[in-house]
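Me: Hello! I am new to this structure and would like to be walked through it. Could you show it to me before we start?

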Amino acid sequence: MTTFWNTLGIMLYATLIYMTPLLYASLGSCFSEVSGVVNIGIEGMMTAGAFTGTVVAYFTGSPWIGFFCGGLAGAFFGMLHAIATVNLGADQTIAGTAINMLGPGIVIMIAKVMFNSTDTIPLDATMKIPRLFRGVFDTATVFGRFMDNVFANYASTYLVFLAALIVWFVFYKTRFGLRLRACGEHPQACETLGINVIGMRFACVCISGFLSGLGGACVTMAISNQFRPISIVGQGFIAIAAVIFGKFRPHGALLGCLLFGFCSGLKVVLGGSSGIDMQLISMIPYVVTVIVLVLFVGRSRVPAANGKPYLKAK
Amino acid sequence: MTKKRTFLEIVSENRFLHILISILLGFLVGAVFLAIMGLSVGEAYGRLITSVTSLKGFSYVVVYAIPYIVVGLSVAFSFKTGVFNIGAEGQFVVGSMAAAVVAILAGGLPKVVLIPLCFLAAMIGGAVWGIIVGFLKTRWGINEVLSMIMFNWVAFYLSNYIAGIPAIHSDGTAEATKNISANASTLLPTAFINRAGLCPTANWGILVAIAATILVWFIIEKTTLGYELKAVGSNKFAAEYGGIGVNRSILTALGISGALAGLGGALQLMGMGGRISVFSSQEGFGFAGIVVALIGCSNPFGVLIAGLFYGALTYGGSKLNLVGAPTQLISVIVGTVVFFIAISVIFENLKRIRSRARRNAENAARKAKEEQQK
């Protein structure tokens, strides 16, 4: 029984730690996609955030300033994407691909100049995002041990659930949210009602960069303690997949990320105990996502104006 | 009245000029970064040029370009048919593993049989990987971008798993497959390479890449199949109304696109790689293919040139550290090029806005005249 609770605790811990960066980026992706701008540059924005977060934390000594600056770095690349796609009417897939090259290219180049290496200097424990509930639970009891395992997570994990709640509220309970959803469905109609479509979309793409940057910063400031070129390998694309999985709704994306995180947690537990080949176990999150889609979720409706450049002068 | 073409109009109508300008701007931005880092622009770019213009250097460029061209064709073909093949990475990996399995297990077969067999295995592998995604889309409406991202990782781990199977795994300590049979290799004869002074991995895969380019151009431009696929790509409702089976077209397009990406994997393995390592992260050939397809404007011959350009930058970029410049400069340059290609539509939009403004002005003038005559 003890081992069961221990294993479950570790698994939930792993679920949460895997899902955190994905959910930040997914929430970001929601903003952009729902307002009508395809953003496949999430990966590049996460990389920019991952690097900037650690570097700023390293020089200021404050994890929170670093975390915020990670978001700003993501927002900077979000702004580049917005200028190209929203203001200049560029093809959104092409611009996103460019961001995915520029983000990592620029930050790794800066890393080489600053640290004479592609990796940054590892952060001390005090410069990392803190673990909030360390030592709160009595680890002598089975239940305390379980709780300690689950809540060993970093503050960024709790923050992301708060962020998801806020994003859900903004999307469905505010005027801004209604307008942003309308912009992704029928920008021409919005314009006739006096909504500034260009401005809305610009803001949404920048927000999406900011959240992606935060997601990247979680990877290097909580899960690990330094930036390396392989810190962000595909998380941005998984985040986009989670948004499609969640039918372009923030609470859907949350479920997508939870499922993906849970399967990754399963991977950690199975990898240790069972005799199954690690490579096959590693496939679980990807295969399960597709199976769940086929069996339970099905067709996902893309916002009608998603991917179509909107120019006033048309 | 003869119409004078303004500079803006000339630029706006010529896609090739857009690309050229974008490339120049890319190098300009690269130069700015070099200057900020306090490095000599002349020295870095000089090294870039000299490393790819020697015969040996150029043979490296061609070898590097082979997979880029073929995967670029795969993505370009998908663009033409209205799907975004972000899954080329996985199809590439599956294709190269299929070729490796055949080349290792049936290594005793003579060259003339084994090489086509490897190509075939790779193309079938890639096509199957593409068609699964297409099937999920047509049967259950699963978004293809999502399932492609998932299948890229499944392919990645599948390849690592197969590389670990005893019959395939290297006999030595290397975390890789066995070396493929010499009969499956597309390398040029060593004596010839040495005499001509080419790079050690010089191979005739480039001929396959050129043949694939012509074939893709032919399918897209000259066949009914190509016409149907393009029709579905540009407007699937109109195509369906016109009697074209949309679902079948999507499956065909993804199958062909996947087969091309798989072929790219085989060419990389049989020419340059020689074996497949256990990966620690995705190699990014699919991503390179997307970039090449974009720089090449999804035109098969454009892709051929763009692939060589990308090959030159990758190979030349690997020599940049000799002058103290970071290799990532290449990502920055290529990223900038792609960024400017993306926004080059501004030329077309500008033209539209201006002609509209002119029309409005003319209308206003005519109205004013009519008012006067009254």
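Reply: Gladly, and one term comes first: a residue is buried if 20 or more other C-beta atoms lie within 10 Å of its own, exposed if 12 or fewer, and partly exposed in between, with C-beta atoms placed from the backbone. This is a predicted model, in which local features need pLDDT of at least 70, side-chain atom pairs count only at pLDDT 80 or more, and totals for chains, interfaces and linings use all residues. Residues are numbered from 1 along each chain as its sequence is written, while chains are lettered from A and ligands numbered from 1 in the order in which they are written.

Me: How many residues of helix 1 of chain A are buried?
Reply: Helices here (H or I, at least four residues) and strands (E, at least two) are DSSP runs, numbered from the N terminus. Helix 1 of chain A is mostly covered, and of its 33 residues the buried ones number 24.

Me: Where does helix 1 of chain A kink?
Reply: The bend at a residue is the angle between axes fitted to the seven residues ending there and the seven starting there. In helix 1 of chain A this gives a kink of about 35 degrees, shortly before the proline A:Pro21, at A:Thr20.

Me: What distance separates the end C-alpha atoms of helix 4 of chain B?
Reply: The expected span of a helix is 1.5 Å times one less than its number of residues. Helix 4 (residues 55–80) of chain B has 26 residues, so it should span 38 Å, and this agrees with the distance between its end C-alpha atoms, 35 Å.

Me: Is helix 4 of chain B largely enclosed or largely open?
Reply: A kink of about 35 degrees lies at B:Ala65 in this helix, shortly before B:Pro67. Because 21 of the 26 residues of helix 4 of chain B are buried, the rest of the structure leaves the helix largely enclosed.

Me: Which residues have the most contacts inside the largest nonpolar core?
Reply: A nonpolar core is a set of buried Ala, Val, Leu, Ile, Met, Phe, Trp, Tyr and Cys residues joined through C-beta atoms within 7 Å. The largest one has 221 residues, and those with the most contacts inside it are B:Ala99, B:Cys118 and B:Val338.

Me: How many residues of chain A are in contact with chain B?
Reply: Two residues are in contact if their C-beta atoms, placed from the backbone, lie within 7 Å. Chain B brings 43 residues to this meeting, and the number from chain A is 43.

Me: How many of the residues on the side of chain B that touches chain A are nonpolar?
Reply: Ala, Val, Leu, Ile, Met, Phe, Trp, Tyr, Cys and Pro count as nonpolar, Asp, Glu, Lys and Arg as charged, and the others, Gly among them, as polar. That side of chain B has 12 polar residues and two charged ones, and its nonpolar residues number 29.

Me: Is A:Asn116 buried or exposed?
Reply: A:Asn116 lies in the loop between helix 4 (92–115) and helix 5 (142–150) of chain A. Its phi is positive, about 55 degrees, although A:Asn116 is not a glycine. With 7 other C-beta atoms within 10 Å, A:Asn116 is exposed.

Me: What is the mean pLDDT of chain B?
Reply: pLDDT is the predictor's confidence in each residue, from 0 to 100. In chain B, 95% of the residues reach 70 or more, and the mean is 88.
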